[in-house]
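Here is a brisk report for a reader new to this structure.

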Amino acid sequence: MKHRFPFFFFFALCLQFLQAQTPASLTSEQKAWLAKANRHEKSGWIYLHIEGTPRERGFQHGYLLSKEIMESIRVVSEIWQYQSGLKWPWLVEKAGRMFTSKVDPENMAEMDGIVEGMKAAGDSINRDEIVTLNGHMELLWYWWPKVKDTLAVNSPDPKKQSCSAFIATGSMTTDGGIVLGHNMMTGYYYPLPNVVLDILPEKGHRILMQSFAGLIHSGTDFFVTDAGLVGSETTIADFFPFDEKAVPEFSRMRQATQYASSINEWCEIMKKRNNGGLANAWLIGDIKTNEIARLELGLKYVGFERKKDGYFVGSNVAEDVKILRFETKTKETNIKAGPIARRVRWKELMKENVGKINLERAKGFEADHYDSYLNVNKPDGRTLCLHGDLDPQYSGIDEPFTPGGTLDGKVIDSKMAKNMSFLARWGSSCGMAFDAKQFLRDHPQFEWMSGILKDRPTQAWTEFKAGER
């Protein structure tokens, strides 16, 4: 008998542990919600379809992506704590007070639904944490640089997201319709934007967009809606104003994308009570009219252009002179800097491809490795498909071998947009793989990223469509 007690005691502990890990029993209502949702994976992407009321959509999202959302929160919190020296709950409390009261009721209900769905899946977070995750780009990249000096914190300015994007129409394209291409650049150690999110809301327009687990907006940004709108953005580099009292970008972006039926409507929603967070040059197209536009949304200043023949490009340089002079610190003629070199390259490609632009050309643009400063064809920190990890200088501005660069590639034309579909490639737009363990062995100065830096194997260009099963 003396050997039985430890065995049964151990068995009881195991049973208790398993019960603690088992998701709460779903109600019949929750099962009905989940029956309308769909998650599957292909070519490195997670495809998630959600639909219904805000609470239903959020529950589906939280339940089906619970583990990925928890991982995103873990990664963001580790980055935050390393770069600031402050704990995650400190940021969560600040974000809750700053953002929650300014988010519209529908978006808040969807985020509450995410929390509810995660709880049903066995993971517990609170509302302020999901708000913080949705606003983490605005917090870390725009709010924190203003606050850190008042706290006398020796914290480097965080690396912001960058992008390479273009939109063309009319005589620029092979069929006169719109072609849009975009890739996102950021640190390889950030949460991965490998979610293709298909949203069929109870009210408003259907959305197919790239996103992150746990986000109600895109965050990268790349989208198409059943109103015939397509869009992307590139952040405005060296941007510094931020208004804590205004509406966060993540809430405005989702509202605009769900409810706008035209370029004008989309831009007006984005401008209303703008806080300057994630200040972007937005490239928007309307496939009903083949019109394209560029909205440069600073804080006090706004640039807007539109045309039915021509192109716009984005490389993280403000084109509007007031935004450039009053709200950024960019030196727009320094071609040694990545954004300036990429802007030069974009304009070269547009001139060389008049009347030739289609989906295949767009994929090639996003994978381009020509350095306009060195006049050589090699991947580095200045190319449209950016590879900071391969650059011993990283544009002469950043740290050598910075583990950051292009995370994806997406392209769409008017024909695909009519079918609510687009082509996407996970990993670098060029297909070059990234081995996290090998990188850390070669560059031990970044050892703090162990556990959050992830591999990105070569993947194929893949089509995604609204309504996939």
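Pro156 is exposed, with a relative accessible area of 52%. That value puts Pro156 in the exposed class because the class takes residues over 50%. Pro156 sits in the loop between α8 and β3 (162–169). Its C-alpha atom is separated by 7.0 Å from that of Gln83. Along the chain, Pro156 and Gln83 are 73 residues apart. The model is predicted.

**A covered helix**

Helix α9 spans residues 249–259 and is mostly covered. Nine of its eleven residues are buried. Among them are the charged-type names Glu249, Arg252 and Arg254. Phe250, Met253 and Ala256 of α9 are also buried.

**Helix contacts**

Two helix pairs come next. How do α2 and α3 pack? Helix α2 (residues 28–35) meets helix α3 (residues 54–64) at an angle of about 80°. Their axes are 9 Å apart. That makes α2 roughly perpendicular to α3. From α2, the contact takes in Gln30, Trp33 and Leu34. From α3 come Arg55, Glu56, Phe59, Gln60, Tyr63 and Leu64. The residues of this contact divide into five nonpolar, two polar and two charged.

The other pair is α5 and helix α7 (residues 127–134). These two pack at an angle of about 85°, and their axes are 8 Å apart. Helix α5 is therefore roughly perpendicular to α7. On the α5 side, the residues are Trp88, Leu91, Val92, Ala95, Gly96 and Phe99. They meet Asp128, Glu129, Val131 and Thr132 in α7. This contact divides into six nonpolar, two polar and two charged residues.

**Aromatic pairs**

The count comes to 27 aromatic pairs. Two of these pairs are set out below.

| Pair | Type | Centre to centre | Between the planes |
|---|---|---|---|
| Trp90 and Trp143 | tilted | 6.1 Å | 40° |
| Trp141 and Tyr190 | edge-to-face | 5.8 Å | 75° |

Which parts does the pair of Trp90 and Trp143 tie together? Trp90 lies in helix α5 (residues 88–99) and Trp143 in helix α8 (residues 136–147), so the pair joins parts that are 53 residues apart in sequence. Trp90 counts as partly exposed, at 26% relative accessibility. Trp143 is buried, with a relative accessible area of 4%.

The pair of Trp141 and Tyr190 also links distant parts of the chain. Trp141 is in helix α8. Tyr190 is in the loop between β4 (179–187) and β5 (195–201). The two residues are 49 apart.

**A cluster and two charges over rings**

Some rings gather into a group. Trp45, Tyr47, Phe222, Phe422, Trp426 and Phe464 form one aromatic cluster. Phe464 also has a charge over its face: Lys42 lies there, at 4.8 Å from the ring centre. Which residue sits over the ring of Phe312? The charged end of Lys307 does, 4.5 Å from the centre of that ring.

Key:
Residues numbered from 1 in each chain as written. Predicted model: local features only at pLDDT ≥ 70, side-chain atom pairs only at ≥ 80, totals over all residues. Heavy atoms only, no water. Phe/Tyr/Trp six-rings, centres within 6.5 Å; stacked < 30°, edge-to-face > 60°. Helix = DSSP H or I, 4+ residues; strand = E, 2+ residues; numbered from the N terminus. Buried < 20%, exposed > 50% of the residue type's maximum accessible area, 1.4 Å probe, protein only. Lys NZ or Arg CZ within 6 Å of the ring centre and 35° of its normal. Axes fitted to C-alpha atoms, helices over the stretch in contact; angles between N-to-C directions. Parallel < 35°, antiparallel > 145°, perpendicular 65-115°, else oblique. Contact = heavy atoms within 4.5 Å.
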